[in-house]
Amino acid sequence: MTLTIENLQEIAKTETDVLESYRYRINVCVAAGCLSCGSDAVKASLEEEIRRQGKEKACRVRAVGCLGLCAVGPLIDISPLNVAYQGVQPSDAPDIIGSLTGAPVSRLLLPTDHPFFSRQKKIVLENCGIVEPERIESYIAAGGYEALYQALRQMSPRQVIDDVTASGLRGRGGAGFPTGLKWTTVYKAQQADKYVVCNADEGDPGAFMDRSVLESDPHRVIEGMAIAGYAVGASRGYIYVRAEYPLAVERLRRAIKQAKQLGVLGENIFNTPFAFDIQLRLGAGAFVCGEETALIASIEGRLGRPRPRPPFPAEFGLWGCPTLINNVETIANIAPIVRRGGDWFAGIGTEKSKGTKVFALAGKINNTGLIEVPMGTPLREIVFDIGGGIPAGRRFKAVQTGGPSGGCVPAQFLDMPMDYESLKDVGAIMGSGGMIVMDDGACMVDVAKFFMEFCMSESCGKCVPCRVGTAQLFGILERITAGDAKIEDIDTLKELCDLVGAASLCGLGQTAPNPVKSTLRYFENEYMAHIRRHHCEAGVCAMGKAREDTA
Amino acid sequence: MTSNASIPPKPRTDVNPARIYTLRINGREDETILTVARQNGIDIPTLCHLDGLAERGACRLCIVEIQGSPKLYAACVTLVKQDMDVITDSPRIRDYRRKILELIFSERNHVCSVCVVNGNCELQNLAVKLGMTHVRYGYLNLTHAVDASHPRFSLDHNRCVLCLRCIRVCKDIEGAHTWDIAGRGIHARIISDLNQPWGESETCTGCGKCVQVCPTGALSEKGKSVAEMTKRPEFLPYLQMMRKEAEP
Amino acid sequence: MPPATASPALSSPSPSPAAPDKRLRIIDRTMRLHGYASHALIETLHAVQEAFGYLDPDLMRYVAGRLKVPLSRVYAVATFYHFFTLKPPGEHTCVLCKGTACHIGGAAEILRQVEAMLGVHAGETTADKKISLMIARCLGSCGLAPAGVFDGTIVGNLTLDTVVNKLQEWRSHDADHRKSAGDCENRDRCP
């Protein structure tokens with residue numbers, strides 16, 4: 001039995017009918033953020049309370065994905081009332097269920113006209129908080145797998161690639177390479193065996209976009225990979241996901257199984273000759289495996305050490321075959337592009353950066369969580385409107401984008417549009433979307449040291465500039481933060497940054513000096529204060545206190 | 001082997017032309033820059049490269065510039081292309097190479113005066129060749145153990161530069177794969193089998209190839225005193241040639 | 001000649017004598033699922049660690065033999081990836097996140113204090129084998145920074161007090177438990 005579009009529509013209709021037979025749908029966020037605040041207990045108590053009040057026929061509790069505002073979880077959302085609650089505890093269940101017919105529970109109310117919600121534009125996250133990640137029917141009811149049907153039955157692979165090219169989508173993993181170009185290279189490769197790899201090894205310490213997408217909408221990734229497979233001519237795919245994300249792994253496993261059972265993965269998908277199969281591979285805690293060649297080595301069960309490129313994976317990748325490697329967010333953009341057309345996507349964003357970008361807002365900001373905004377949204381809007389500003393009345397100092405490969409954007413650039421080029425101009429990068437907000441309590445030398453420690457311990461050790469250079473850089477930064485540095489150390493620091501960036505083998509080493517370079521560019525005075533006056537303005541580095549005490 | 005590469009001096013304007021060695025390559029796209037350069041008598045310093053072993057592109061001493069690209073390329077792993085202009089030596093490259101070498105010296109313990117290969121050491125020769133007079137970086141002083149458990153050889157991790165020649169020769173030529181590299185980054189080090197003492201290794205055949213290819217005094221024969229040990233890696237191309245002959 | 005026939009260690013895999021249990025079957029199943037291909041090494045090591053809590057040398061030897069991967073390569077992979085541990089974990093595991101958001105949120109200070117309190121460094125287990133202190137590069141729970149994982153449960157918005165309380169709870173709960181069970185073996189070590 002092969003799946004047809006009628007089957008899909010029937011599943012969608014049944015699902016919608018069933019849902020609409022309930023007067024109230026109570027959506028509980030069960031992504032990792034809310035789960036760790038006890039949302040599973042909240043869900044259980046809501047179900048219990050519904051039973052107790054005998055409202056099983058009127059209310060249905062649904063386990064949905066990330067609602068975005070992780071800072072005030074557990075979050076629930078009641079449709080069709082358009083009421084959202086924050087910080088819900090299991091003991092709140094009677095009040096919530098009791099209030100369904102009356103006024104909302106004011107003490108838990110989360111205003112839905114909050115700029116955090118109203119200023120966003122959701123494409124990648126459009127299903128997050130709406131579909132139930134553990135049920136394929138729920139994804140289908142939201143239009144899921146229609147794009148795959150459309151691609152397989154109504155488009156040639158070339159047309160799919162043309163759409164992706166026309167959309168202007170660029171890789172969301174960090175470097176911003178045009179996705180259409182990458183697909184074309186793999187498409188053109190003359191080899192029978194090809195692979196599609198989804199890079200879900202989200203290593204940037206301060207980013208959780210991919211995690212949320214995988215936990216909240218795993219089928220979106222599967223659909224995107226299948227479309228990519230059809231377009232480039234691959235019949236097998238791998239998702240390389242961090243073992244540190246057990247919930248994402250579990251949901252992906254379940255989703256792949258459901259997709260196979262239904263027939264959107266496997267042989268003769270939608271009655272076409274196209275076959276596609278996806279396997280999971282677990283990462284094991286190595287940031288360098290985000291680098292394409294290291295990732296391939298790791299899938300092959302080897303040490304995750306990068307090799308020199310060329311040859312690029314698009315020509316010589318997994319098991320020596322042409323391999324398309326795209327990041328989770330890139331792949332999550334594919335189904336909407338196919339469904340609504342490349343031109344629609346190209347109409348969003350700026351001239352060179354199309355579409356939207358998901359950012360993980362964290363650090364010293366009121367509304368920590370996951371947001372999606374059109375490319376080119378000013379930083380100020382993200383931090384102060386959507387993010388709600390800096391807590392405790394403190395002053396904004398900088399944001400760090402791109403994690404250990406990126407740089408900081410200081411206050412004078414708050415009105416800068418967030419797109420690939422503007423970020424590059426100020427010495428930062430788009431990166432995967434981690435956005436760490438720092439207030440005046442952050443010491444920029446300490447931040448640079450933090451990232452250098454990260455790069456040092458994540459360096460694979462293969463090439464000398466990265467292996468020894470990052471250790472030397474860390475040593476100098478450690479001396480500066482301890483108040484033991486000399487003024488010449490700044491020159492050595494700059495020279496080493498240049499060397500490590502220019503001579504390292506892979507992207508990890510080549511970008512490792514970026515946080516130092518960018519903090520030196522905007523906050524050299526802090527470095528100087530540490531060296532000359534043994535003073536850490538933010539009071540983070542211990543030497544400041546120690547010297548004062550002895551004085 | 002013949003080469004159809006020609007070596008016209010191709011001056012650049014941004015650096016002192018007298019100090020630049022450029023290589024203009026026509027035809028042949030199956031060989032590395034390093035191979036073609038050496039065939040034409042142009043010297044490019046190397047450390048992890050050894051004729052007869054698989055390339056790694058890891059020590060970065062053989063970095064060269066290619067006209068039209070801002071990036072640096074490792075000559076040992078970059079294939080030549082039609083009309084490629086390669087700059088194998090310039091003040092910028094020389095400066096980088098010297099700094100990379102200094103980084104290697106700063107990593108562990110490379111005191112030549114008490115080393116078995118003093119006078120016969122590739123690392124020492126490189127320092128002379130690249131005009132390294134001192135190490136500008138602080139010594140990291142990572143101290144490692146010496147493994148003298150093998151009856152004939154010893155391994156001094158403090159002299160190791162992680163070129164991984166020993167691993168490659170053991171895996172690809174001898175076929176034992178006794179050696180590999182444990183850990184990563186600055187804490188990476190050579191291990192035998194499951195991190196056992198070398199002398200207790202179940203897989204080591206005692207062939208000594210690793211000792212002969214080691215560029216420094218990290219792997220040495222027992223009983224040799226300071227400056228008494230010389231390495232003979234020349235057996236490698238010979239082995240390769242003989243194996244090729246033996247193929248049906 | 002393939003190394004498998006040249007090496008005594010590889011031709012005769014010896015399962016750990018202490019582990020002829022069903023956990024070995026889980027490992028065997030993983031390897032079988034991948035057709036005993038050498039590229040299943042990382043997946044198999046994940047299975048070993050999940051079943052046994054760490055990578056025991058005998059088990060690494062066993063996996064090496066079955067997958068025909070050199071011993072040194074198994075050890076290399078086991079130590080390259082930080083997710084794997086070669087030491088048995090303590091009874092309880094406290095993982096503190098060291099991601100950027102957690103760092104900005106003061107995780108470094110919490111870690112310093114906890115290290116002092118337990119008398120171990122991150123990555124080590126207390127002498128009484130009670131608590132393993134680990135650090136994570138990023139749990140991806142940056143919205144809850146500083147975050148940690150206590151025996152598998154993610155806890156957000158950590159303060160020094162909440163961490164110390166939790167650790168003390170582990171110690172005293174187990175001490176009570178031991179007292180009531182009449183087990184005096186470790187009495188002098190209980191706080």
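Helix α20 (residues 464-482) of chain A packs against helix α2 (residues 91-107) of chain B at an angle of about 65 degrees, and their axes are 9 Å apart. Axes here are lines fitted to C-alpha atoms, for helices over the stretch in contact, and angles run from 0 to 180 degrees between N-to-C directions. Helices (H or I, at least four residues) and strands (E, at least two) are DSSP runs, numbered from the N terminus. The crossing of α20(A) and α2(B) is left-handed. A crossing has this hand if the near helix is turned anticlockwise from the far one by less than a right angle, and is right-handed if clockwise.

The model is predicted: local features need pLDDT of at least 70, side-chain atom pairs count only at pLDDT 80 or more, and totals for chains, interfaces and linings use all residues. Residues are numbered from 1 along each chain as its sequence is written, while chains are lettered from A and ligands numbered from 1 in the order in which they are written.

From α20(A), the contact takes in Val464(A), Pro465(A), Val468(A), Gly469(A) and Gln472(A). These meet Ile100(B), Leu103(B), Ile104(B), Ser106(B) and Glu107(B) of α2(B). Two residues are in contact if their C-beta atoms, placed from the backbone, lie within 7 Å. By class, the residues of this helix contact are six nonpolar, three polar and one charged. Ala, Val, Leu, Ile, Met, Phe, Trp, Tyr, Cys and Pro count as nonpolar, Asp, Glu, Lys and Arg as charged, and the others, Gly among them, as polar.

Chain B also meets chain C. Here 17 residues of chain C are in contact with 17 residues of chain B. On the chain C side, α1 (3-6), α2 (8-11), α5 (57-67) and α6 (71-80) each supply at least two residues. The most come from α6(C), which gives seven. The side of chain C that touches chain B has 12 nonpolar, three polar and two charged residues.

Chain B itself has six helices and nine strands. Buried residues (20 or more other C-beta atoms within 10 Å of their own; exposed, 12 or fewer; partly exposed, in between; C-beta atoms placed from the backbone) make up 47% of its 248 residues. Leu164(B) has a positive phi of about 65 degrees, although it is not a glycine. Leu164(B) lies in the loop between β6 (153-156) and α4 (165-174) of chain B. It counts as buried, with 22 C-beta neighbours inside 10 Å.

Chain A is assigned domain 1 (5-116), domain 2 (143-346), domain 3 (356-439) and domain 4 (444-550). Such bounds come from an automatic or database domain assignment. Six residues of domain 1 of chain A are in contact with nine residues of domain 2 of chain A. On the domain 1 side, five are nonpolar, one is polar and none is charged.

An open sheet of chain A has five strands in the order β2-β1-β3-β4-β5, with mixed pairing. Strands pair if DSSP finds at least two bridges between them. At the edges stand β2 (59-64) and β5 (109-110) of chain A, each with a single partner strand, so one side of each has no neighbour in the sheet. Strand β4 (residues 83-85) of chain A runs antiparallel to β5(A), joined by two bridges. Ala84(A) has Leu110(A) as its bridge partner in β5(A). The loop between β3 (76-79) and β4 of chain A holds Pro80(A). A cis peptide bond, with omega about 5 degrees, joins Ser79(A) to Pro80(A).
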